[in-house]
Amino acid sequence: MKQMRKMKRRLEYQHVEPEPRRHYLAHFLLKFLFVVVLTLIALISLKTNARFKTNFYKYVYNTNYSFATVNNMYQKYFGSPIPFKNLVKTPVATVFDEKLTYQEVSLYQDGAKLTVDKNYLVPILESGMVVFIGEKKGYGKTVIIQGVNGVDTWYGNMENVNVKLYDYVSKKTMLGETKDTTLYLVFQKEGKTLNYKDYIK
């Protein structure tokens, strides 16, 4: 009985700091400092270097800057931008892993008009960032995803959209439903329309 009490006391006094929390805090602080240093370097360069300032404005404001590619690179080298993501247990979700299926396809304005099943669940064709959700003339409610491959994909005639603006979305996950039996797709790169046949199998 005495030994049992001693063991119980010993177990009560043993307190080990959970290692993962310290690790994630250090990792987050390192990321934060890295971002602060990069921001300061960029601001100083913009202030002191006229050539850098000209190039910065040219590539960020005047051309179609690929934030999806930057986000993809950041996640590859630094992990999730959300601090302590791994400390929070997320519920297991059903995986939507579908390919694009349709009955007919024809040329429509700048892209393609696909005949699909009624209220078809639309899969995302390429991972990227959601840069637009709203009405487009001739396309209805449209979602534009800036792909990591540099191609902007327009999904037209949508409803019950499953994504939000500036979400990073993965290939083959669900975008939402079509309003009826029509799905419009447009593929663009740097403002130029691409041939839909190269992207629809």
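This note goes through a predicted model of a protein in numbered points, from its overall make-up to a few single residues.

1. Overall make-up. The protein has 201 residues, of which 24% count as buried, and its secondary structure consists of four helices and eleven strands.

2. The largest nonpolar core. This core has 22 residues, and the ones with the most contacts inside it are Tyr-155, Leu-175 and Leu-185. Two or more residues are given to the core by each of strand 2 (111-115), strand 5 (140-147) and strand 10 (182-189), and the element that gives the most is strand 10, with three residues. A second, separate core of six residues is also present, and it includes Tyr-108, Ile-144, Tyr-184 and Val-186.

3. The surroundings of Tyr-155. If the neighbours within four places in sequence are left aside, the residues in contact with Tyr-155 include Val-122, Pro-123, Ile-124, Leu-125 and Glu-126. Others in contact with Tyr-155, among them Lys-141, Thr-142, Val-143 and Ile-145, come from another part of the numbering, and Leu-175, Tyr-184 and Leu-185 are also in contact with this residue.

4. Pairing of the strands. Strand 1 (residues 104-108) and strand 2 run antiparallel and are joined by five bridges; in one of the pairs, Val-105 has Leu-114 in strand 2 as its bridge partner. The hairpin that these two strands form has two residues between the strands, and within this hairpin Gln-109 takes a positive phi near 45°. Strand 2 also pairs with strand 10, again in the antiparallel sense, over four bridges, and here the bridge partner of Lys-113 is Tyr-184 in strand 10.

5. Val-186. This residue lies in strand 10 and belongs to the second core mentioned above. Val-186 counts as buried because its relative accessibility is 1%, and buried means under 20%. Leaving aside neighbours within four places in sequence, Val-186 is in contact with Asp-110, Gly-111, Tyr-139, Asp-152, Thr-153 and Trp-154. As for Val-151, this residue and Val-186 are 35 residues apart in sequence, while their C-alpha atoms are 9.9 Å apart in space.

6. Asn-157. Is this residue, found in a loop, buried or exposed? Asn-157 is located between strand 6 (152-156) and strand 7 (158-159), and with a relative accessible area of 11% it is buried. Beyond the neighbours within four places in sequence, Asn-157 is in contact with Tyr-139, Gly-140 and Lys-141, and also with Glu-177, Thr-178, Lys-179, Asp-180, Thr-182 and Tyr-184.

7. Leu-25, Phe-28, Leu-29, Phe-32, Leu-33, Val-36, Leu-40 and Ile-44 make a nonpolar surface patch of about 720 Å². One of these residues, Leu-40, lies in helix 2 (residues 19-48). Leu-40 has a relative accessible area of 47% and is therefore partly exposed, a term that covers values between the 20% limit for buried and the 50% limit for exposed.

Terms used
Residues numbered from 1 in each chain as written. Predicted model: local features only at pLDDT ≥ 70, side-chain atom pairs only at ≥ 80, totals over all residues. Heavy atoms only, no water. Core = buried A, V, L, I, M, F, W, Y, C linked by side-chain atoms within 4.5 Å. Buried < 20%, exposed > 50% of the residue type's maximum accessible area, 1.4 Å probe, protein only. Contact = heavy atoms within 4.5 Å. Patch = residues over 30% accessible without salt bridge, like charges linked within 9 Å, V, L, I, M, F, W, Y side chains within 5 Å. Areas by Shrake-Rupley, 256 points an atom, 1.4 Å probe, with all protein chains shown as cover. Salt bridge = Lys/Arg side-chain N within 4 Å of Asp/Glu carboxyl O. Pairing = 2+ DSSP bridges.
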